[in-house]
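Open the model in a viewer and keep the selection panel at hand.

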Number of protein chains: 2
Amino acid sequence: MAVGEASLPELHPVAGIRLATVSAGIKTPGRNDMVLIEAVEGASCAGVFTQNAFCAAPVVVAKSHLKQCGAQARYLLVNTGNANAGTGEQGLEAALTCVSAVAEFSGLSSSEILPFSTGVIGEPLPVEKIVSAVPAAFAGLQEDGWADAASGILTTDTRPKGASIRFSHEGEEFVVTGIAKGAGMIRPNMATMLAYLATDAAVEAGALQSILSNAVETTFNRITIDGDTSTNDACVLLATGQAGNSLLTDIACEFGRSLSDAVEEVCLVLAQELVKDGEGASKFVSVRVNGGDSEQECLDVAFTISHSPLVKTALFASDPNWGRLLAAIGRAGVPDLDVDRIGVYLNDTLIAENGCRADSYTEELGVIAMTPEEIEIRVELNRGQSTATVWTSDFSYDYVRINAEYRT
Amino acid sequence: MAVGEASLPELHPVAGIRLATVSAGIKTPGRNDMVLIEAVEGASCAGVFTQNAFCAAPVVVAKSHLKQCGAQARYLLVNTGNANAGTGEQGLEAALTCVSAVAEFSGLSSSEILPFSTGVIGEPLPVEKIVSAVPAAFAGLQEDGWADAASGILTTDTRPKGASIRFSHEGEEFVVTGIAKGAGMIRPNMATMLAYLATDAAVEAGALQSILSNAVETTFNRITIDGDTSTNDACVLLATGQAGNSLLTDIACEFGRSLSDAVEEVCLVLAQELVKDGEGASKFVSVRVNGGDSEQECLDVAFTISHSPLVKTALFASDPNWGRLLAAIGRAGVPDLDVDRIGVYLNDTLIAENGCRADSYTEELGVIAMTPEEIEIRVELNRGQSTATVWTSDFSYDYVRINAEYRT
């Protein structure tokens with residue numbers, strides 16, 4: 001199951017970026033399970049990684065190498081089918097061995113190569129298979145490799161996710177293209193996923209990191225499928241500098257804002273695509289909370305609704321069970337919450353106010369509001385000016401099936 | 001589905017308590033859906049109620065009346081089939097009307113009667129049906145009515161829950177008997193449920209409240225089925241004083257401890273019974289976290305594991321997916337967690353240590369450990385002396401079915 005359109009949009013190449021997608025035979029023979037992304041010399045690189053205390057070996061190595069190389073990473077090596085997480089010292093060695101193979105082939109230092117893994121936790125990484133596939137990956141590098149790579153990084157996803165934006169500044173054209181994977185173990189900090197973005201703009205590493213961190217905060221960190229965070233989350237943004245602009249060092253200028261907006265837009269599309277393809281998802285739900293005293297309390301309410309198994313199963317059943325919404329709002333921990341001031345809407349239908357069902361509400365209106373694949377739950381707290389939106393999916397038989405069967 | 005034994009143990013009568021169970025026809029004609037519990041004059045009463053900001057009308061009234069009557073409530077009126085929650089001003093009036101009918105029939109003040117409701121949120125309480133059933137309830141009051149009442153308060157539960165303990169002190173015999181309901185929307189503060197306990201001991205109201213609050217903290221507040229808290233939770237303990245002991249006013253004495261232990265034991269059995277009968281439950285899981293710096297961080301880890309949909313679906317599948325356990329521990333928010341010191345056990349099988357799979361562990365051992373209906377997940381944090389245990393259930397197709405179909 002998945003919500004909405006299945007087709008990948010056109011992914012514009014980014015000058016200075018080449019990608020290769022190959023089969024290393026990690027899990028299923030013949031399936032593409034390894035992606036190599038190359039950035040031109042001089043490109044800058046920013047990254048955001050999982051905040052889970054159990055950090056997978058590739059995340060440890062990628063973070064360390066990104067620092068060591070002065071944010072000038074040249075290759076990203078991604079494998080699916082195995083997360084190389086919960087693998088201890090042996091896992092670190094495995095990640096480093098894979099990285100070394102890429103370093104050797106390219107004649108670069110290991111610190112210029114960042115590894116990424118996704119898949120089952122706790123199994124030893126099949127290092128030899130990955131190392132053996134490195135030459136084929138180098139042979140397959142091409143500028144137009146984004147769509148294949150979008151498929152090559154998938155695990156339980158049912159479809160590839162990509163987004164691509166062109167924008168102009170002072171007569172010059174720029175591009176931001178990105179791909180992402182992830183369908184379960186999805187919740188913020190980071191949303192459980194891998195995502196790779198690139199732009200042809202020239203951006204100093206610190207500025208690039210700010211652009212990425214800001215974009216992640218309002219996109220990938222605002223989605224949740226099941227509340228579980230992964231050990232492997234990573235989001236990387238490369239800037240190749242091939243577009244010919246003068247190096248962007250401070251994002252508080254017109255071009256900085258344009259580029260930030262484009263990166264945020266690509267991240268938002270990718271984040272929402274992750275939710276629409278959430279494990280077992282039959283609904284795509286925007287949970288918008290307005291009128292809070294702070295953004296944080298709006299987020300607390302939005303995430304409590306989004307994580308409630310009772311709300312999620314009601315969404316699956318297209319059952320306008322607004323009582324479960326009120327119960328979730330009531331346990332979100334908002335201090336001194338005055339329930340009589342709260343309004344709850346399904347799309348534009350007012351369903352609850354003054355702590356109870358709205359007079360104008362009927363079950364028929366509720367069912368109509370719950371039927372579409374894409375739904376907005378809107379909560380008006382009416383106590384302040386802050387607002388926040390979180391995107392989530394429902395909880396279906398398929399979610400249980402997928403997660404009860406995965407691995408077995 | 002439910003875990004373990006289905007039969008209700010013998011529930012000893014409590015001198016000074018009579019119970020009646022009748023059908024008011026609230027939801028299903030003929031089904032027992034109303035329970036009246038009577039306490040003898042002079043009995044003291046303690047209560048613990050939901051901390052959800054959306055507090056159901058009966059909870060508002062019960063809390064207020066308990067205060068007004070000086071903790072000397074004489075009747076508890078319980079209905080199922082309708083929670084009278086999210087019903088606003090009209091709901092408060094409905095609860096008061098039902099209470100008035102009991103007051104009128106008994107010749108007591110309304111403040112001596114506490115109302116309780118459980119069932120669907122947001123529908124108007126069928127006041128007339130409840131009021132009409134009050135005479136039959138009074139006619140049916142009997143000391144030996146505990147087992148019928150245990151069935152009469154159920155909603156989606158598949159079986160009644162009760163526990164009863166006798167203990168002696170200085171040659172005198174005392175009894176503590178209790179019943180409870182609740183199978184979904186279960187998580188602490190309060191665990192979503194109704195529970196009624198009584199003892200024949202003579203206990204001053206303040207001491208009785210301490211005994212109950214302490215017992216709830218380590219029992220009902222340590223269980224979770226789906227992380228959702230209800231608007232209607234309530235747990236009441238009555239002390240009739242019929243056993244003839246001198247009034248207990250300070251619980252820090254030998255008799256105070258004996259009574260506290262007995263109340264805690266009854267609460268623990270009832271709490272665990274709620275989990276075993278959790279919606280769709282096929283496993284009963286004790287999550288024990290040892291070696292924490294504080295009890296709170298042990299609870300944080302235990303609840304994060306217990307709420308993880310990925311852990312819960314793995315439990316359903318009897319899949320020893322220890323990677324999901326490590327991932328849940330890692331996102332529990334424990335400050336400066338050193339993952340290399342953590343050990344994770346399934347029953348007595350060490351499955352993970354030093355941040356990865358234990359050398360001695362095999363999939364075969366994991367499957368053996370996961371197969372029983374009752375499982376212990378034990379986490380050794382190895383950073384302090386604190387410990388905590390939480391009890392939970394798994395996440396099955398039936399959980400989704402029950403909650404997608406409820407109401408529809």
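By class, 14 nonpolar, 9 polar and 5 charged residues line the second largest pocket; Ala, Val, Leu, Ile, Met, Phe, Trp, Tyr, Cys and Pro count as nonpolar, Asp, Glu, Lys and Arg as charged, and the others, Gly among them, as polar. A pocket here is an open set of points on a 1 Å grid over the protein atoms alone where a 1.4 Å probe fits, with protein on both sides within 12 Å along at least five of seven lines; lining residues have an atom within 4 Å of a point.

This is a predicted model: local features need pLDDT of at least 70, side-chain atom pairs count only at pLDDT 80 or more, and totals for chains, interfaces and linings use all residues. Residues are numbered from 1 along each chain as its sequence is written, chains are lettered from A in the order in which they are written, and side-chain values use heavy atoms, without hydrogens and water.

The second largest pocket holds about 460 Å³ of space, a volume being the space filled by probe spheres set on the points. Select Gly86(A), Thr87(A), Gly88(A), Glu89(A) and Cys356(B): of the 28 lining residues, these are the closest to its centre. Next select helix 2 of chain A, which gives the most to this lining, with 6 residues.

Finish at Arg357(A) and Glu123(B), a salt bridge with the closest N and O atoms 3.8 Å apart (a side-chain nitrogen of Lys or Arg within 4 Å of a carboxyl oxygen of Asp or Glu).

How values were computed: Helix = DSSP H or I, 4+ residues; strand = E, 2+ residues; numbered from the N terminus.
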